[in-house]
Structure formats: structure tokens, C-alpha cells
Amino acid sequence: MLSSQFLISQKKCCGNGCRMCPYEPRHIKGNTSLQKRWNVSEKNPYTTIMNKINIPMIGLGTWLIPNDEVDSIVKDAISLGYKHIDTAEVYRNEEGIGKALKVSGIPRDEIYITTKMWPGMFGQEEPFQTFKGAIEACEQSLQLLQVDEIDLYLIHNPFAKENRLELWEAMLELKKQGKVKHVGVSNYNVKHIEEIEAAELEMPSANQIEIHPWHVIKTELAQYMDKHEILPIAYSTLAPIPNWREGSQWNGKPEDMKSGSMPCQDIADSYNVTVPQLFLKWAIQLGYPVLPKSVKYDRLKENLDLHHFEISRVDIKTISKIAKDDQKCLAWSGDFDPLEVE
Ligand SMILES: NC(=O)c1ccc[n+]([C@@H]2O[C@H](COP(=O)([O-])OP(=O)(O)OC[C@H]3O[C@@H](n4cnc5c(N)ncnc54)[C@H](OP(=O)(O)O)[C@@H]3O)[C@@H](O)[C@H]2O)c1
């Protein structure tokens with residue numbers, strides 16, 4: 001267990017019959033499977049039962065941070081107290097992250113590293129990754145990151161339809177070889193994970209997906225992950241703020257969303273916090289580790305400063321309700337949602 005990871009503080013009962021209030025809008029009396037996400041142990045109140053992979057609740061996102069800039073940002077993040085770095089083969093910044101970790105001198109067991117194997121892209125001609133290629137991709141990530149073991153290794157998306165199972169077998173092989181501690185998936189929906197279940201293979205420990213108040217997890221996926229104790233990890237939690245990925249081609253927001261006003265400003269004001277802090281805490285209180293990305297020191301600091309307030313159950317519900325019906329994901333391109341691909 002990491003010593004100073006940011007974890008969930010214990011709550012009082014919400015009155016719905018559980019021992020701890022998960023502030024969960026879908027949480028209803030008697031729904032024990034949803035409660036699984038929460039730890040009921042008095043001794044260790046800061047982690048969730050489903051967080052078997054001991055992932056810190058706040059990690060630094062690094063998508064869109066170039067390799068030659070990531071070094072100083074990671075160093076700043078570590079000095080501020082970040083204990084988790086999220087990267088990916090396709091972000092092309094593992095090398096810079098590896099250098100920063102080395103220079104920072106942080107002991108290996110005090111920093112959690114997530115990276116992702118790229119299986120290929122939906123709708124493009126490029127060949128999909130294979131079992132052998134996945135093993136090699138992991139070896140390259142280990143080398144670039146300058147570590148012997150990755151804490152959490154994910155398949156980045158479910159696009160490699162024909163190769164999905166063999167890629168999962170490669171993940172399990174890497175775990176067997178001790179090159180990765182935990183394995184999971186990203187952007188997988190029920191139908192994708194069901195293939196692993198049907199093959200009677202070890203199930204993923206986590207599924208990293210787009211989660212923010214405009215893109216909440218659909219009930220079917222939430223229930224399936226709860227049943228199989230697959231931890232949802234939230235990415236792009238700040239997507240509803242108007243300046244999210246400002247100027248980037250990787251912004252799937254329709255124009256009206258880009259120019260809109262800051263949502264939930266009144267709620268944030270009532271806690272004397274910023275809207276980014278409110279959304280990050282909203283996700284954490286729902287049991288999802290978050291990965292806010294910023295290249296700015298003050299924002300890195302702000303995004304880590306979430307300990308001093310608790311969002312009420314009523315406000316959690318209000319924030320969750322701003323979700324637009326059938327809102328597609330915003331992080332990929334806006335015209336398709338990785339969760340929906342075959
Ligand atoms: N598995 C996947 O498919 C997948 C997909 C997307 C993302 N991810 C992971 O999740 C991480 C986070 O997602 P994300 O990068 O899409 O978005 P995010 O962290 O939700 O938002 C980042 C954006 O918000 C701005 N920002 C950050 N903190 C802020 C603050 N306190 N106040 C105002 N603006 C703030 C950043 O600008 P500045 O940098 O200019 O501060 C940037 O434009 C990624 O970096 C990546 O590691 C994974």
C-alpha cells in the first residue's frame with residue numbers, strides 16, 4: 001500500500017441502509033453489489049473494496065503533454081505529492097516520464113505507474129496488435145519508463161475486434177512473467193469484457209473510461225463491473241469545463257459546449273472550491289480514481305487539493321443529473337464512442 005496516496009475518507013450513512021454513504025445516485029437500499037465499491041472497514045477507511053489494485057485516487061494525466069515537456073511537469077507533480085502517473089504507449093512521453101522519475105529520486109514503491117498498450121485504431125487501415133507485439137510493446141514501455149514492473153497495464157481500447165482475446169492473453173502472460181502487477185482494459189463495454197468472461201480467463205481488475213457529469217457510466221456497465229469487481233477509473237473528468245483541451249484537435253465537444261458557461265459554478269461556490277475541484281471530488285466520492293492532466297503548476301496543486309470538502313448527497317445527485325441523454329464521449333473525436341464499437 002502506498003503510504004500517502006489520496007484516498008476516500010469515511011462517510012456517515014446516507015440513510016439508505018448502507019454503513020457508509022457512497023453518495024451514489026444509483027445506490028438504493030438493498031443494492032449490495034453497488035456497495036461493493038466501498039470499504040466498510042473501520043481500520044482502513046481510505047480505500048475501496050474494489051480498489052484491489054491499490055491505485056491512488058488522484059493521478060497525473062499526461063495525454064497531450066509532449067515528451068520534451070513532461071519531465072518538468074512530472075517533477076512538479078511529484079514534489080506536490082502526486083503518487084500516480086498515467087501514460088500510454090501512444091502518448092509518446094514514456095521516455096520523458098522515465099527520466100523525471102529517475103531524477104526525482106522517488107522510491108519505486110512510492111509511485112504508481114499506469115501505462116497502456118495500443119491495439120490499433122478504429123476505422124483505420126493499420127494492422128491490429130498481436131500477442132507477440134503486445135509483449136514487445138510492454139517491454140518497450142518498461143525500458144522507456146526505466147522500471148522493472150508496471151503497476152497497472154491496460155489495453156487502451158477494444159478496437160482490435162479479431163485480436164481482442166489474444167491481446168488479453170498477452171496481458172495475462174505479462175502478469176505471469178512479473179512485468180506488470182495488475183492488468184486491465186480501457187474503453188471496454190460489457191460486450192467486450194464478456195468475451196474474456198466467456199473464455200473463462202482471469203478478468204480485468206480495472207476499466208479506464210471517460211467519466212464526467214456529461215458522461216456517466218451507463219447502468220448496465222456499472223452493474224457488470226460491480227458484479228465482477230472491475231474498478232472504474234475516470235478519465236477526462238474535467239471535460240465539461242469550457243477550457244478543456246482548448247485549441248486541441250482532440251476535442252470532441254460540439255461548438256455550443258465549448259463556448260458554454262462553467263457548469264455547476266453555483267454548487268462549486270457553495271463549497272468555496274473551483275468547478276474542476278468539484279468535478280474531481282464528485283468522481284472520487286462515486287468511487288472512481290481520477291487522472292486530471294494539467295501543464296500548469298497552480299492547477300496541478302488545485303487538482304490535488306480535494307481533502308478539505310465533502311460534496312453532499314443532494315449535490316452529487318444534482319451534478320450527476322446535468323448529464324445529457326445519449327451524450328457521446330468527448331475525448332476521442334466526438335463522432336464515435338469507443339464503448340459502442342463492435
Ligand atoms: N484511456 C483513454 O482512452 C484515455 C482517454 C483520455 C484521457 N485519458 C487519461 O486521462 C487523463 C485526463 O484526461 P484529459 O487529459 O482528457 O482531461 P482532463 O484531465 O479532464 O482535463 C484536462 C484539461 O483541463 C485543463 N485543466 C486541468 N486542470 C484544470 C484546472 N484546475 N482549471 C482549469 N483547467 C484545468 C487542462 O489545461 P492545462 O493543461 O492547460 O492546465 C486541459 O485542457 C489524460 O491526460 C490521460 O492520462 C485516457
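Reader: Is N54 buried, partly exposed or exposed?

Author: Please keep in mind that this is a predicted model. A residue counts as buried if 20 or more other C-beta atoms lie within 10 Å of its own, and as exposed if 12 or fewer do. N54 has 15 other C-beta atoms within 10 Å and is therefore partly exposed. This residue sits in the loop between helix 1 (32-35) and strand 1 (60-61), and its phi is near 50°, a positive value in a residue other than glycine.

Reader: Where is N187, and how many C-beta neighbours does N187 have inside 10 Å?

Author: N187 lies in the loop between strand 5 (180-186) and helix 6 (190-198), and with 26 C-beta neighbours inside 10 Å it counts as buried. Its phi, near 60°, is again a positive value in a residue other than glycine.

Reader: What share of the chain is made up of buried residues?

Author: Buried residues amount to 45% of the 342 residues in the chain, whose secondary structure comprises 12 helices and seven strands. As for the contacts in the chain with a separation of 6 or more, 73% of them are accounted for by residues 24 or more positions apart.

Reader: How should I read a pair of helices, and at what angle do helix 4 and helix 5 cross?

Author: Two packed helices are described by the angle between their axes and the distance between the axes. Here the axes of helix 4 (residues 131-145) and helix 5 (residues 164-176) come within 8 Å and cross at roughly 40°, and the two helices are therefore oblique to each other. The crossing of helix 4 and helix 5 is right-handed.

Reader: Which residues of helix 4 and helix 5 meet?

Author: From helix 4, F131, A134, I135 and C138 meet E166, L167, E169, A170, E173 and L174 in helix 5. Sorted by class, this contact holds seven nonpolar, no polar and three charged residues.

Reader: How many residues surround the ligand, and which are the closest?

Author: The ligand is surrounded by 29 residues, of which G61, Y235, L238, K293 and S294 are the closest. Helix 11 (residues 297-304) contributes the largest share of this shell, namely three residues. By class, the residues of the shell divide into 11 nonpolar, 11 polar and seven charged.

How values were computed: Residues are numbered from 1 along each chain as its sequence is written. This is a predicted model: local features need pLDDT of at least 70, side-chain atom pairs count only at pLDDT 80 or more; totals for chains, interfaces and linings use all residues. Axes are lines fitted to C-alpha atoms, for helices over the stretch in contact, and angles run from 0 to 180 degrees between N-to-C directions. Helices (H or I, at least four residues) and strands (E, at least two) are DSSP runs, numbered from the N terminus. Angles under 35 degrees count as roughly parallel, over 145 as roughly antiparallel, 65 to 115 as roughly perpendicular and the rest as oblique. A crossing is left-handed if the near helix is turned anticlockwise from the far one by less than a right angle, and right-handed if clockwise. Two residues are in contact if their C-beta atoms, placed from the backbone, lie within 7 Å. Ala, Val, Leu, Ile, Met, Phe, Trp, Tyr, Cys and Pro count as nonpolar, Asp, Glu, Lys and Arg as charged, and the others, Gly among them, as polar. A residue is near a molecule or strand if its C-beta atom, placed from the backbone, lies within 6 Å of it.
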